[in-house]
Amino acid sequence: MNATNSQSPFGSSLSRTEVAQGSRQARTERVGGTARNDWTRPEIAALFDLPFNDLMFEAQSIHRANFPRNEVQLSTLLSIKTGGCPEDCGYCNQSASAESGLKAEKLMSVQAVMQAAAQAKDAGSSRFCMGAAWRNPKERDMPAIIQMVQGVRQMGMETCMTLGMLSESQAKVLADAGLDYYNHNIDTSPEHYEKVITSRTFDDRLETLENVRNSGINVCSGGIVGMGETREDRVGFLHALAVLPTHPQSVPINALVPVKGTVLGNMLADTPLAKIDEIEFVRTVAVARIVMPESMVRLSAGRESMSDACQALCFMAGANSIFTGDKLLTTANAGDNADAALFAKLGVVPMQAEVKVAMEAVAAE
């Protein structure tokens with residue numbers, strides 16, 4: 001796990017010069033309006049193998065060609081329906097098969113969600129993300145979901161939801177409601193996937209991403225590192241995202257939070273394997289930035305255990321979105337005060353939302 005060897009696991013024959021030229025090509029093509037969707041695994045493996053300073057230089061250069069420097073988007077994540085999920089994801093304490101003591105709850109009321117969104121906006125968040133522990137949403141839940149999307153958008157915030165798998169018709173309904181982003185992570189490489197989840201396949205996840213993409217909703221899809229995977233798996237994970245027809249507009253990179261009572265939590269908690277090497281984590285963020293230059297790269301779960309230096313390196317590597325607040329769905333987060341202090345030390349400022357709500361359409365409703 002957490003391989004940091006300088007030799008590519010794929011036996012890449014690319015020289016460092018060729019890798020640098022490839023990443024500069026990615027930057028140049030993006031400036032010209034085209035991002036690559038033809039990355040190969042050996043190319044991505046060779047990026048991981050670059051000297052750390054060279055990798056960071058390339059990632060930061062590509063980041064500055066595409067995004068404002070020193071700006072990080074603040075997002076808030078709310079669990080609108082907690083626990084009782086029938087999926088068996090080995091990392092998740094919301095799975096019905098987990099023995100974490102988390103009790104299943106009903107879907108929150110629209111009013112309660114609106115109150116939480118208003119508080120998030122007051123705290124500086126520009127994107128409000130709502131997650132439900134479902135395999136897929138039931139039709140009876142869709143009216144309330146639609147009201148939540150519309151209500152948050154009317155506050156001038158970007159909206160994101162993660163509700164499990166979506167059908168084509170459900171994706172269209174959410175698109176018509178004005179949903180900005182839909183999150184559905186692929187979690188890990190295709191090869192490592194079955195070691196983490198057996199209740200739905202990797203292809204099931206790709207099908208939902210296709211439904212979301214075809215509906216016109218922005219795709220948010222990433223994964224978790226530190227689940228016992230190798231660097232080869234991290235290469236495969238990023239490759240699977242980088243060769244999609246359109247890169248996900250948002251790519252969350254999570255560090256596993258090993259919760260006892262979950263399969264991976266029981267396996268990894270209180271062991272050296274429970275925490276991925278910070279430099280390797282930063283490398284993963286940097287490679288994500290290079291191969292998906294237009295995507296928002298979100299530094300997500302696991303930040304509460306990261307040093308300030310690690311987070312600073314992640315921002316330098318191209319991460320430009322975080323979840324703020326004291327809690328993610330069910331696990332602890334760094335907290336608003338800690339984030340504000342870190343931003344002040346680094347000279348980083350919150351990114352402003354770009355949501356535009358047509359007031360005449362709101363009035364017509």
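Trainee: Which residues touch the most other members in the largest nonpolar core?

Mentor: A nonpolar core is a set of buried Ala, Val, Leu, Ile, Met, Phe, Trp, Tyr and Cys residues joined through side-chain atoms within 4.5 Å. Buried means under 20% relative accessible area, exposed over 50%, and partly exposed in between, with a 1.4 Å probe and protein chains only. In soluble globular proteins, nonpolar side chains tend to be buried together. Here the largest core has 87 residues, and I80, F128, M161 and F281 touch the most other members. Helix α11 (residues 278-291) gives this core its largest share, 8 residues. Another core, of 6 residues, lies apart from it and has L77, C129, C160 and Y181 among its members.

Trainee: What kind of model is this, and how are the residues numbered?

Mentor: It is a predicted model, in which local features need pLDDT of at least 70 and side-chain atom pairs count only at pLDDT 80 or more, while totals for chains, interfaces and linings use all residues. Residues are numbered from 1 along each chain as its sequence is written, and side-chain values use heavy atoms, with hydrogens and water left out.

Trainee: How many helices and strands does the protein have?

Mentor: Helices (H or I, at least four residues) and strands (E, at least two) are DSSP runs, numbered from the N terminus. The protein has 14 helices and 10 strands. Of its 365 residues, 55% count as buried.

Trainee: Which residues does M161 touch?

Mentor: Contact means heavy atoms within 4.5 Å. Not counting residues up to four places away in sequence, M161 touches I80, M130, I145, M148, V149, L179, Y181, Y182 and N183. Across the protein, 77% of the contacts with a separation of 6 or more are between residues 24 or more positions apart.

Trainee: How many salt bridges are found in the whole structure?

Mentor: A salt bridge is a side-chain nitrogen of Lys or Arg within 4 Å of a carboxyl oxygen of Asp or Glu. The search finds 13. In one of them, the side chains of E158 and R127 meet at 2.9 Å, N to O. That pair links distant parts of the chain, with E158 in strand β3 (residues 158-162) and R127 in strand β2 (residues 127-132), 31 residues apart. E158 counts as buried because its relative accessibility is 11%, and R127 counts as buried because its value is 0%.

Trainee: Where do the partners R303 and D339 sit?

Mentor: Their side chains form a salt bridge of 2.8 Å, N to O. R303 is in the loop between β8 (296-299) and α12, and D339 is in helix α13 (residues 336-346), 36 residues apart. Both R303 and D339 are buried.

Trainee: Is N320 buried or exposed?

Mentor: N320 counts as buried because its relative accessibility is 0%. N320 lies in the loop between α12 (308-316) and β9 (321-323). Leaving aside neighbours within four places in sequence, its contacts include H63, F67, E71 and M351. The side chains of N320 and R289 are also joined by a polar contact of 3.5 Å. A polar contact is a pair of N or O atoms within 3.5 Å; within protein, one must be able to donate a hydrogen and the other to accept it, and residues adjacent in sequence count only if both atoms are side-chain atoms.
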